[in-house]
Every structure is written in C-alpha cells, then in structure tokens.
Amino acid sequence: MYLNLKDIFGILYSGEPIELPEADMASVALCHTFLETFKQDKIIYGINTGFGPMAQYRVGDADLIALQYNIVRSHSCGAGEAMPLVAVRGAMISRLMTFMQCRSGISPEVVLLLAKFINLGIYPYIPQHGSVGASGDLVQLAHLALCLIGEGRVNYGGEWRETGDVMAERGLKPLTLRGRDGLSVVNGTSMMTGVSLTNVHDARRLVDWAIAGSVMLNEIVESYDDLMDERLNAVRRQDGQQIVAERMRSLAQGSGLLRKRDKELYHDTGRHEGDFGHKVQPFYSLRCIPQIVGPVWETVENMARIVELEVNSADDNPIVDPEVGNVFHGGNFHGDYISLENDKLKIVMTRIAQLAERQTNYMLHDKVNGLMPPFVNLGRLGLDYGMQACQFTATSTTAECQTLSNPMYVHTIPCNNDNQDIVSMGTNSALICRKVIDNAATVMAINLMTMCQAVDCRKVYDRLGESSRRVYDTIRSVFATFSADREHYTEIAAVERLIMGQDADGKK
C-alpha cells in the first residue's frame, strides 16, 4: 500500500477516511502468520529477548505477553505539553502505513484498531518531550500504544477523556498484545514524521505567500519587471529559481504598475546627469526573489519527497520478510533522514521570515522607499504611528527564528547504556522546525498587512494585477484599513490564521 502526499494530506486535513485494501490486509496477516511460525526455537529481538541493551537476556515463554505490555507502559513517560492533534493524527497515519508495508509481523487487529482511531477522530495524548529519535520515537509512540490497549487519555470530540470510556462508547475493544505487537507500535519514526507532514504542508503555504507578496510589493513600488524575466533567470540554470520566476510572471499578469526597462531606460534621448527620480534597481529584498526563494522552494519540495517516502516505509526493527523467509535485524527506526530535512527546512523558513521582515522594513522606512510616509502612516504624523510598532514584533520574531535555526541533527547525546550511541534527535528537530514555521507565519502576516496599508497609501489598488488584488482582498477581509491608531494583536493573529488556512480556533 502506498499513499502519495496529496492523499495523505486529504486524510490528515480533510478528514477523508483511510481505507485498508483487502489484498494488503491479507499480506499483513500472512506476515504475522509467518513470524509466528518462524520464531519457534529461535532468538528474535523483542519477541523473546529484552529490549535495547537488555536484548542479551532471554525472556521465558511464560512472560512473552507481559514483555509486550512492559515496553508500552514503561516507555509511557513523556513530558511537556501535548503534541498538536494534527501532528498526532499525522503520526497515526504514518504508523499505520508502516504496518501496511507488511514487514512488521504485527497482528492484523492492531492495524484495524488504529485505522478506526484515525477514522473516528480518537487522538491519544502524546507529550512533546521524550524521543531521541533513534530507536524510533519510543516514548511518544508508547503513549499511542497505551491508548490502543485501553489505557491513558485521548482527545475525542475536542475533549480529553479516559481512553477506556471512549472505546466503550464507540464499541471498541482494547488490544490484547501478543507476538511483537508492543514493540512494533513503539519502534519507528512515526511521531517525527507526523510533525514533519504538518511542517511540509505549511512551509509550502508560506512559500506561496512569499512569492505572491513579493510580486505585490514590486507592483506597489513600481519596479522594473525584468527581475522575473525568463531569459535572465534561465542562464542561472537553477531549477528553483526558474520556477519561482515563472510563478512571479504568472502572478504579475495584468499589472498596470510594473515598469518596462527597455521602454524607459533603453531609449533615452532626453535624459541628463542627475537623479532619475526612480530606482534603476530596487533593493535585494525586492529584486532577488527568484534567487532567494528558489533554493527555499527546492528545499521544501525535497523534504516533501523524503517525508512521503518515510510515511510509506517499514521503519521498525526487526524487519520480517516472509517472501525470502527471514527476519532481519537492523536500524530502520533511525531518524536521520527526517531530522536532517527538518533542520534544512527551518533554515529556509527562517530565510522566509528574514525576507518578509526586510520587505516590511522597506515599506516602513520612508528614506529607503522614497514613496510613502514613515511607517506607512495614514494618520497624523507624530500623533499616529501606523505600522511602526508591528515591526518590533516582526523583527523580534525573526531574531528568534535565527537562533532556533541552529541544527539539532548534530546534537547527538549517547544514552541507553550507550546502545544508542549516535541518535538523530528527529522529533526535537521537527518540533523546533514547527516553531520556526509558526514564527515565519507571524512575520509574513505583518508583512502582508503592511502591504495592504501601502496599497491604500499609494492609491494603486485599481492598477494592481488580478493576483495582487486577490491578496489585498483576502487580507482586508480580516484586517480593515486604518489611519487612527488601534490595537493590532488580534488582527495579526487573524491574518496569520488566514494565511495558514485555519479557522478561528486554529483548526485546519
């Protein structure tokens, strides 16, 4: 079974039910049956041995069921705030898809119950802290497994309740763990992958807003349009740059504000020395959008590819292969792929925040833009302050992104009696990346609000291209024009929710 990213997002964000094809479920059952037969008279990790460095100890037949419960209960020791529910849903989808690769040897009952949890909207309580990301997300996924056996707490219908009560209400029976069911649920990269799904989804939105906003800003200040010219960008030979430039050209269609350099500067018969009165080349935060956002786009799309592959991978240990008749011991639970991609993503999302903050500064700095009053002030200078204070929020939030963009991937700390001597910190990386994305959305919201004020200041709405008018109308639907000062904190939050596709409660 394989789901592409579009299908995954449909389940994750639109509530589309996840379906389990009969043929794939038959393969899950076949893998389980093979393992039950193969394990006889053999030593197989996590089935009749302890876990981690305790694998050197054989567990007697009378205690094999207790072994599976022990790993779930002992590792349900997370701390901190609860994971966002959308990330938990992503982790559940990812874990289910691991089982659907038919290499875990897990009982079919586990798969069926997990699918019911997803489709019914039953979300386990999973704390944010606890995973080092290299025997998988053991702690977070133990909290998932805890709920599958009817213990712990779940969020159902927007309320936190005892799992057993919700399961009884929905006619669901708690799992009876057997074989390697407990280990299979907890041993994998699904939590970091679940957070990463939300990161990719929202990073794509921010890239789209960054491109659309940049076109709008260049229109507002009447830049020359060759910054996005196909021939200029083609000679750079970088795919992302050319894709961003093409998007800009598409969004700029119909603009009555962008200037043509060949008409104004290349046929100069009456010009003389002195100030042209209009910038021959705008600042980098306006002119270099294809070059700045191009590598951002490539990084986001590469992560999208990696995350899609991870969702559709068998990422536990050991790997059960009934086709060749063997059980392989290795480290598919190791989260380096996901950890590294989140580190790269938070760097480029910090870049998006920097770009938005610098564009905001350009509009607010009258001596820089030479077109608008200080702070795009539509009121009385000195009495009213326009967008002045909003820049403080944008600048401080961008500064936090810069600090958070330091890599997590390289901060390995050995643990588990040094059995886990080099770890990925993948869930930490994903959660920090999540914070950077949220911060970047705040900065982008302030930037777009400032652009709308600038459009009104320059009275250019009717000359904007259709795309920029849509941007303006969208932002103005929750942020009205102002001249006399008023508070803006609720408006910033509203615009942020709008651009990230959320409703008033922050749900997507």
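Mentor: Let us begin with proline 318, which lies in the loop between helix H14 (289-311) and strand E6 (319-321). Helices (H or I, at least four residues) and strands (E, at least two) are DSSP runs numbered from the N terminus. This is a predicted model, in which local features need pLDDT of at least 70, side-chain atom pairs count only at pLDDT 80 or more, and totals for chains, interfaces and linings use all residues. Residues are numbered from 1 along each chain as its sequence is written, and side-chain values use heavy atoms, with hydrogens and water left out.

Trainee: What kind of peptide bond joins asparagine 317 and proline 318?

Mentor: The bond between asparagine 317 and proline 318 is cis, with omega at about -5°. As background, most peptide bonds are trans.

Trainee: Why is isoleucine 8 called buried?

Mentor: Buried means under 20% relative accessible area, exposed over 50%, and partly exposed in between (1.4 Å probe, protein chains only). The relative accessible area of isoleucine 8 is 0%, so this residue is buried. Isoleucine 8 lies in helix H1 (residues 5-14).

Trainee: Which residues does isoleucine 8 contact, leaving aside its neighbours within four places in sequence?

Mentor: Contact means heavy atoms within 4.5 Å. With those neighbours set aside, isoleucine 8 is in contact with Leu3, Leu197, Val311 and Asn312.

Trainee: Is phenylalanine 375 buried, partly exposed or exposed, and what is its phi?

Mentor: Its relative accessible area is 26%, so phenylalanine 375 counts as partly exposed. Phenylalanine 375 has a positive phi of about 60° although it is not a glycine. This residue is found in the loop between helix H16 (366-369) and helix H17 (388-404).

Trainee: Why does lysine 459 count as exposed?

Mentor: Lysine 459 has 73% relative accessibility, and therefore it counts as exposed. Lysine 459, also not a glycine, has a positive phi of about 55°. It sits in the loop between H18 and helix H19 (466-476).

Trainee: How many residues of H4 are buried, and what span does this helix have?

Mentor: Helix H4 (residues 85-99) has 13 of its 15 residues buried, and is thus mostly covered. The expected span of a helix is 1.5 Å times one less than its number of residues. From first C-alpha to last, H4 reaches 21 Å, close to the 21 Å expected.

Trainee: What makes a nonpolar core, and which residues have the most contacts inside the largest one?

Mentor: A nonpolar core is a set of buried Ala, Val, Leu, Ile, Met, Phe, Trp, Tyr and Cys residues joined through side-chain atoms within 4.5 Å. The largest has 143 residues, and Phe117, Met349 and Ile475 have the most contacts inside it. Helix H18 (residues 426-458) gives the most to this core, with 18 residues. Apart from it lies another core of eight residues, including Cys31, Phe34, Leu35 and Ile47.

Trainee: Which residues of H20 are buried, and what covers them?

Mentor: In helix H20 (residues 489-499), Glu491, Ile492, Ala494, Val495, Glu496 and Ile499 are buried. Their cover includes helix H9 (190-220), H17, H18 and H19.
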